[in-house]
Each structure stands twice: as C-alpha cells, then as structure tokens.
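Please look over the chain below before reading the notes. The briefing goes from the overall layout to the sheet and then to the aromatic side chains.

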Amino acid sequence: RIIMDWSYISGFFDGEGNIHFNKIGNKSYQLVCRLYSSNETVLLEIKNFIGFGNIYRKKSTGLYELTISSKKNNFTFLKAIYTSSIIKKELISFVLENYVFHDGNNNLGFDIAKFHSLITRKNVDKFYRSE
C-alpha cells in the first residue's frame, strides 16, 4: 500500500505530471494540472487523498490521467505541492504568482510566453553535475 502525503504527490507530479493551459478565445487561458500513470490504482489513491480531480484512460497511449481543472482545486493542489517540488518548483511558483485563481477572471493578462519559456529541458540539468 502507498503511504500517501503531499510530499509523495509532489514528487509524483515532478516526474509524471504537467501544468497545461487550454486557450479559450483569443487570449483567455484555462489552467489544467495533470498526472499520468500506467497504473490506475496510484491515481485513484492520489485522487482520494486530495479529494478532487477526474481520472480518464487515454485510448491512444493506454495511460491513465488524473485531471484537475477547477481554479479552486488547482490553487489548492499547487500550493500543497509547491514546498516539496524540485523539478517543477519554478514553474509552480510562476503560476501561483501570476495566474488569477478566483472565479470570474479569465486571465487575459497572463503571460503565456513567459510560462512557456520556463518549460524546457533545462530542468534535467538539476540531476547532472558538470565534470
């Protein structure tokens, strides 16, 4: 049995999750956090622990996906995993500081280009030392 806590979920998200923005209209963005696994049980455990999200099976890959799409739940989720995050800490920080999580705001001023600039392979460098 998995011992579930926010540190575990943070590490899982660092390795098997992403922050995604769906474009709505010309400049509005909807935040979606997703975690992936070939094992549905681990995503069910995470969903039960956090108390929200939906699980889907992707037909194209056979992977399961836990999707968090409401602003309130994404805020709760990102705040909870931020402290323990290593790989995605900078990305999570940017979203928490720049995305407006209250309902009614469509985030027209959110800098999607800056967000995209933070998503690079540079995070891999945190695991390798220069020789």
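The points below describe a predicted model, grouped by topic. The protein chain has five helices and four strands, and the strands form an open antiparallel sheet. Of the 131 residues in the chain, 40% are buried.

**Overall layout**

- Read from the N terminus, the elements follow the order α-β-β-α-β-β-α-α-α.
- Among contacts with a separation of 6 or more, 56% are between residues 24 or more positions apart.
- The accessible surface of the chain is about 8100 Å², and carbon and sulfur atoms account for 50% of that surface.

- Strands in a sheet pair through backbone hydrogen bonds, in a parallel or an antiparallel arrangement.

**The sheet: strand pairs**

- Eight bridges connect β1 with β2 (residues 28–37) in the antiparallel sense. G17 has L35 of β2 as its bridge partner.
- Helix α2 (residues 40–50) packs on the sheet and touches β2, β3 and β4 (64–68). The direction of α2 makes about 20° with that of β4.
- β2 and β4 run antiparallel and are joined by five bridges. R34 has T67 of β4 as its bridge partner, and L35 stands opposite L66 in β4.
- β3 and β4 are also an antiparallel pair, with four bridges. Here I55 stands opposite L66 in β4.

- Five of the five residues of β4 are buried, so β4 is largely enclosed by the rest of the structure.
- Both faces of β4 are covered. Y64, L66 and I68 are buried on one side, and E65 and T67 are buried on the other.
- β2 is mostly covered, with nine of its 10 residues buried.

**Aromatic pair W6 and F77**

- The aromatic pairs in the model number 13.
- In one of them, the ring centres of W6 and F77 are 6.3 Å apart; the planes meet at 65°, so the pair is edge-to-face.
- This pair links distant parts of the chain, since W6 belongs to helix α1 (residues 6–16) and F77 to helix α3 (residues 71–82), 71 residues apart.
- W6 has 26% relative accessibility and counts as partly exposed, whereas F77, at 0%, counts as buried.
- In general, an aromatic ring pair is described by the distance of the centres and the angle of the planes.

**Aromatic cluster and F110**

- One aromatic cluster is formed by F21, Y29, F75, F94, Y99, F101, F110 and F115.
- Is F110 buried or exposed? At 5% relative accessibility, F110 counts as buried.
- Which residues does F110 contact, leaving aside its neighbours within four places in sequence? The contacts are F21, Y29, F94, N98, Y99 and F115.
- F110 and Y29 are 81 residues apart along the chain, and their C-alpha atoms are separated by 7.9 Å.

**Lysines over rings**

- K88 lies over the face of F13, at 5.5 Å from the ring centre.
- K89 has its charged end over the ring of Y82, 4.5 Å from the centre of that ring.

Technical notes:
Residues are numbered from 1 along each chain as its sequence is written. This is a predicted model: local features need pLDDT of at least 70, side-chain atom pairs count only at pLDDT 80 or more; totals for chains, interfaces and linings use all residues. Side-chain values use heavy atoms; hydrogens and water are left out. Helices (H or I, at least four residues) and strands (E, at least two) are DSSP runs, numbered from the N terminus. Buried means under 20% relative accessible area, exposed over 50%, partly exposed in between (1.4 Å probe, protein chains only). Contact means heavy atoms within 4.5 Å. Accessible areas come from the Shrake-Rupley method with a 1.4 Å probe; for residues, only the protein chains shown count as cover. Two strands pair if DSSP finds at least two bridges between them. Axes are lines fitted to C-alpha atoms, for helices over the stretch in contact, and angles run from 0 to 180 degrees between N-to-C directions. Rings of Phe, Tyr and Trp (its six-membered ring) pair if their centres lie within 6.5 Å; planes under 30 degrees apart count as stacked, over 60 as edge-to-face and the rest as tilted. A charge sits over a ring if NZ of Lys or CZ of Arg is within 6 Å of the ring centre and within 35 degrees of the ring normal.
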